[in-house]
Amino acid sequence: MKYKKNWEETKKKFEDYWNHCNTGTPLMRIVAEKPGYSPYEIPKELQWGGNMEDKYMDAERIVARFYHYCETHEFLAESFPNLSADFGPGSVASYLGSGIEFHEDTVWFNEWVEDWEETPPLVYSKEGEWYQRHIALVKKCRELVGEDFPVCIPDLMENVDVLASLRGAQDLIFDMVDEPEEIEKRVQEVTDLYQKYYDDFYDIVNYEEGSAYTVFQIFGSGKTVKLQCDFSAMMSPDNFREFVVDSLRQQCQGMDHVLYHLDGPDAIKHMDALMEVEGIDALQWTSGDHGPDGTQEEWDVIYDKARRAGKSLWIKVYSGEFEDWIRNTDRIVQKYGSHSLFLYFPDMPMEQAQRLLAYAQEHWKDVPGSFC
């Protein structure tokens with residue numbers, strides 16, 4: 001792999017992470033800025049203009065901009081270069097008829113379902129405009145990148161999160177009360193078509209018989225995926241079990257490695273149900289927009305349940321300054337051990353990266369953890 005010195009070792013560590021038996025230090029996403037790098041000095045020809053669609057759809061510029069990133073950064077520990085050609089979270093909704101609004105930091109999918117009874121079945125199709133444009137974009141990116149590094153599986157999204165994009169969150173809440181059988185049917189339709197769309201992208205981007213998943217910086221042999229249900233924050237535990245859990249089980253059966261993205265304090269109530277899904281290999285926790293990072297002790301109630309269920313942990317570190325990152329992460333490693341842990345650090349200067357690597361080698365290597 002271009003730009004990555006220890007790729008074979010990194011692949012092995014990811015496999016052990018998915019199997020909860022990693023040796024040495026935890027997996028760490030550490031990307032160092034090379035001396036002289038400045039995020040404010042991106043070449044003019046790589047900067048985005050005012051057209052947001054070009055930002056998300058111009059394959060040549062997407063690839064060129066990422067090569068510039070690779071040239072100005074060093075991929076250390078278990079970080080690795082991987083290119084995202086993503087429309088934002090939930091692109092399956094666009095394949096099923098939602099229009100897209102591109103913005104600087106996010107993408108909106110326009111709802112269009114007014115009445116489920118008058119809406120035809122949600123089925124897999126290659127004819128939709130946005131599906132064809134997305135597939136073409138990913139194919140072109142893969143062609144330009146070649147075997148230099150992986151192009152990621154896009155953030156397709158699944159289950160009721162897709163229905164919320166099609167229908168609107170508030171209306172979907174009422175639908176679950178007024179016509180639960182219809183919603184169960186629609187969730188199953190999304191579940192059935194999801195695997196087909198995933199496989200279409202996997203066939204294009206699989207890399208050394210494995211795959212990377214966008215945003216989360218994960219890799220695994222075969223089919224690797226992030227699953228979620230952000231809408232679950234508005235659901236009761238009973239409704240989550242009724243509408244979502246079986247869909248997740250089915251999706252896990254079609255994948256080789258599964259990371260579940262749990263988003264926001266209102267979703268914590270579903271941890272018991274989630275941990276019963278055997279196909280989920282690892283858990284990633286997000287405290288919500290601009291919330292504290294994953295190292296805070298208040299989140300241990302989540303991690304305790306995940307580790308008791310035999311799941312690996314994916315933890316993002318960003319609260320405070322660099323010294324806080326080390327101190328807060330040290331608490332996590334000493335409690336949960338190094339064998340089933342992925343730590344995502346922000347980009348940092350090379351000097352800090354070297355200090356972090358040295359500290360990890362001295363203090364975070366083969367730590368069994370105090371939590372049993």
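1. Ground rules. This is a predicted model, with pLDDT of at least 70 needed for local features, pLDDT 80 or more for side-chain atom pairs, and all residues used in totals for chains, interfaces and linings. Residues are numbered from 1 along each chain as its sequence is written, and side-chain values use heavy atoms, leaving out hydrogens and water.

2. Helix H3 (residues 59–72). Helices here are DSSP runs of H or I, at least four residues, and strands are E runs of at least two, numbered from the N terminus. The 14 residues of H3 should span 20 Å at 1.5 Å a residue, and the end C-alpha atoms are 20 Å apart, which agrees; the expected span is 1.5 Å times one less than the number of residues.

3. What H3 hides. Its buried residues (under 20% relative accessible area, 1.4 Å probe, protein chains only) include Ile62, Phe66 and Cys70. Strand E1 (27–33) and helix H5 (129–145) are among the elements covering them, where contact means heavy atoms within 4.5 Å.

4. H6 against H7. Val160, Leu163, Ala164 and Arg167 in H6 meet Ala169, Asp171, Leu172, Asp175 and Met176 in H7. By class, that's 6 nonpolar, no polar and 3 charged residues, with Ala, Val, Leu, Ile, Met, Phe, Trp, Tyr, Cys and Pro counted as nonpolar, Asp, Glu, Lys and Arg as charged, and the others, Gly among them, as polar.

5. Threonine 119. This residue sits in the loop between strand E4 (107–109) and H5, and is buried at 9% relative accessible area. Beyond four places in sequence, threonine 119 touches Trp112, Val113 and Arg186.

Conventions. Buried means under 20% relative accessible area, exposed over 50%, partly exposed in between (1.4 Å probe, protein chains only).
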